[in-house]
Amino acid sequence: MDLPADTPARCPVCETAYDSVSVHDSGLMVNLLDNPRYRRVCFEPVEGPAVRFYHHTHEQVIGRGDGERD
Ligand SMILES: [Zn+2]
């Protein structure tokens with residue numbers, strides 16, 4: 001798992017467990033349709049131009065009652 005040192009135990013956006021975090025400071029594309037591993041990615045702006053992506057697997061999202069809102 002690739003985690004920055006100061007990431008929380010649960011996603012700060014949806015409070016669900018996550019699998020990994022990535023940090024981006026430039027344009028990118030997100031397409032999770034039919035992704036076999038990740039069901040949802042939450043985006044958290046951080047200081048400066050970067051944003052962190054919290055990657056949730058299908059298993060981490062299903063069962064929380066919000067799996068259809070990704
Ligand atoms: Zn989340």
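View 1. V21 belongs to strand β1, which covers residues 20-24. Although V21 and H56 are 35 residues apart along the chain, their C-alpha atoms are separated by 9.4 Å.

**View 2. Y54 and the residues in contact with it.** When neighbours within four places in sequence are left aside, Y54 is in contact with C11, V13, Y18, V21, V41, C42 and E44.

**View 3. The elements along the chain.** The protein has 1 helix and 3 strands, and from the N terminus on these elements follow the order β-β-β-α. Of the 70 residues of the protein, 16% count as buried. Among contacts with a separation of 6 or more, 47% are made by residues 24 or more positions apart.

**View 4. Confidence in strand β2 and helix α1.** Among the elements of the protein, strand β2, residues 38-45, has the lowest mean pLDDT, at 78, while helix α1, residues 58-61, has the highest, at 88. For the protein as a whole, the mean pLDDT is 77, and 79% of the residues reach 70 or more. Where pLDDT is low, the predicted coordinates should not be read in detail.

Notes:
Residues are numbered from 1 along each chain as its sequence is written. This is a predicted model: local features need pLDDT of at least 70, side-chain atom pairs count only at pLDDT 80 or more; totals for chains, interfaces and linings use all residues. Helices (H or I, at least four residues) and strands (E, at least two) are DSSP runs, numbered from the N terminus. Two residues are in contact if their C-beta atoms, placed from the backbone, lie within 7 Å. A residue is buried if 20 or more other C-beta atoms lie within 10 Å of its own, exposed if 12 or fewer, and partly exposed in between; C-beta atoms are placed from the backbone. pLDDT is the predictor's confidence in each residue, from 0 to 100.
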